[in-house]
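Me: I would like to go through this model with you in a few questions, beginning with the terms that the answers rely on.

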Amino acid sequence: MERGEQKPLLREISTYCTSLEEGNSTQSEQKPFDWRAPSILLGFEFFQTIAYAGISLNLVIYLGTVLHGSPASNAANVDTWNGTTFLAPVLGAFLADTYLGKYSTIFISLILYIIGMLTITASAIIPSLRPATCTATQCPPATSFQYFIFFLALYLVAIGTGGVESALMPFGADQYNDRNPVEIAKKQSFFSLYFISMNLGVLVAGTVIVWIEQNIAWYIGFSFSSCCLLIAALVFWIGTPIYRVQIPTGSPLTSVARVFILAFRNRNLEMPKDSELFYQGEDEWAGSKCQHKLITQTDGLRWLDKAGIIIEPYSTTSNPTCQPLLKCTVSQVEEVKILIRMIPIWLTCTFYSASVCQTSTTFIQQGDLMDRNFLSFSIPAASLSSVQCTFMMIFVLIQDHIIIPLAKKYTGNPSGLSKLQRMGIGQFLIILSMASAAMLETFRVSCYKEGKYLSIVHQVPQYVILSCSTVFCGVAQLEFFYEEAPESMRSLSNAFCCLAISLGGYVNSIVVTFIAAITSTGGSMGWLPSDLNKGHLDYYFWIWAGISAVNFVVYIVISRNYTIRKCSRIRLTGG
């Protein structure tokens, strides 16, 4: 087929490309930057985190004291729910990038979120929706209907908050123009402010709502959470006129599938030595307003490069949404390589997240067996999360103003510590946190056998170490997956983080269920009996210290061989 015979088709695609880009530009980049937009989104994150944490922080205690579940089943239920909460962003990110857009995804998710939160509150208020309180002789279990209503509402919250979190951070980043140096500098601080807003929300929930739930009434605490969510929704909707809203450009998975299909189709072709024989996606659409960030071709995974071999001499566009289905540019191939290279790093983040899951389950169960009186206050075990959040915010400041500047001075690296280095430090510190919890549990049980109750203040070191770990690894993960991911997959990149946390919850649920079952064979009480004073929670923590140590070694090996993506330049053409 001759090149000239393709012109009508190319002209049609070019017209579509130009109109699509103009639409995106009109609704996002051409709208002037308004500092109120990211500020509103940070406020939204603060209030919705209070709502979510007001449920999640104390959930394992609620399941035990109100629904009368066993420690092992409660921990497994919480881990499974946490896993689902962070699995939902994967679907949310796909819908945001492909069909709905980030704004609509947040809007629809909020509706489900509110319904779930109000139903949970109702289940704590209406007597028929919860079991009777324990007496001196028995604790009546929750009925199947009561469990159904509560967990239905709980999983509506999981889906709602998952949809919100899948799109909120990328939506906030969209408020900044990547072609404006001033806005790029402002965007760099947005991630840290987002992290701080989230932790301030957890801090308020851990100190105020958790205390209300355990010392006044559960339904009052849940009502407080519901009110915060309604405030968050109102704040978000008020900011609608000033947001930069980008139109979804189609499924990024289509481009990924195209690369694999063409690599397989061209598998028998000889690899060209001349880079000009690969589709570069340049200079073919001089009349359009398409923009594309070109990615430098790398040496790894060379078998995928065959997807970009030029077979026919007719043109292609550099915009993935405007390309013929059977052509790939070098940048599209490299985008797939980026995703493949991130998978091993992502798997280590999954096991890291599984270790962090102890803060919402076994750490709280451990603290609930300690002396919770401090000065004239009775401290709920879940309130220790506020210590974690406080130190996380302190460590963010220490990292940004002391550690990073010193690292810049002595390493000569403009960024001080790379994202992979910061993640490695966090992976190492989680080992120390688990070991600290294990040693504390051994000491706590020995004190209990002597008739003494150890103060809950002794849990502070393990929370402090974990908070430092989260600052290094948690923030770096957000930045790593966002910046490494291709531009068309930014929401999916955030979902990558959420999916790691999700699978971490499922891994932890499997581990706790397996250990409870395997250690209780032959009539033994096992490590995690109903009365943890008679078990070996310390052994369980040592198991996680060992898992974290192995995961750290694997991470070091993988990160040393990881190739950071490099963009050659941004091409912007226009008539």
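Reply: Contact means heavy atoms within 4.5 Å. This is a predicted model, in which local features need pLDDT of at least 70 and side-chain atom pairs count only at pLDDT 80 or more, while totals for chains, interfaces and linings use all residues. Residues are numbered from 1 along each chain as its sequence is written, and side-chain values use heavy atoms, with hydrogens and water left out.

Me: Is asparagine 508 buried or exposed, and what is its relative accessible area?
Reply: Asparagine 508 lies in helix 15 (residues 490-518), where helices are DSSP runs of H or I with at least four residues, numbered from the N terminus. Leaving aside residues up to four places away in sequence, it touches Asp79, Ala354, Cys357, Gln358, Thr361, Tyr540 and Trp544. Buried means under 20% relative accessible area, with a 1.4 Å probe and protein chains only. Asparagine 508 therefore counts as buried, its relative accessible area being 0%.

Me: How many of the 21 residues of helix 2 are buried?
Reply: The expected span of a helix is 1.5 Å times one less than its number of residues. For helix 2 (residues 36-56) this gives 30 Å, which agrees with the 30 Å between its end C-alpha atoms. Helix 2 is mostly covered, and the number of its buried residues is 16.

Me: Which helix has the highest confidence in the chain?
Reply: pLDDT is the predictor's confidence in each residue, from 0 to 100, and its mean over the chain is 78. Confidence is lowest in helix 1 (residues 7-27), at a mean of 36, whereas the highest, at 93, belongs to helix 16 (residues 537-560).

Notes. Helices (H or I, at least four residues) and strands (E, at least two) are DSSP runs, numbered from the N terminus. Buried means under 20% relative accessible area, exposed over 50%, partly exposed in between (1.4 Å probe, protein chains only).
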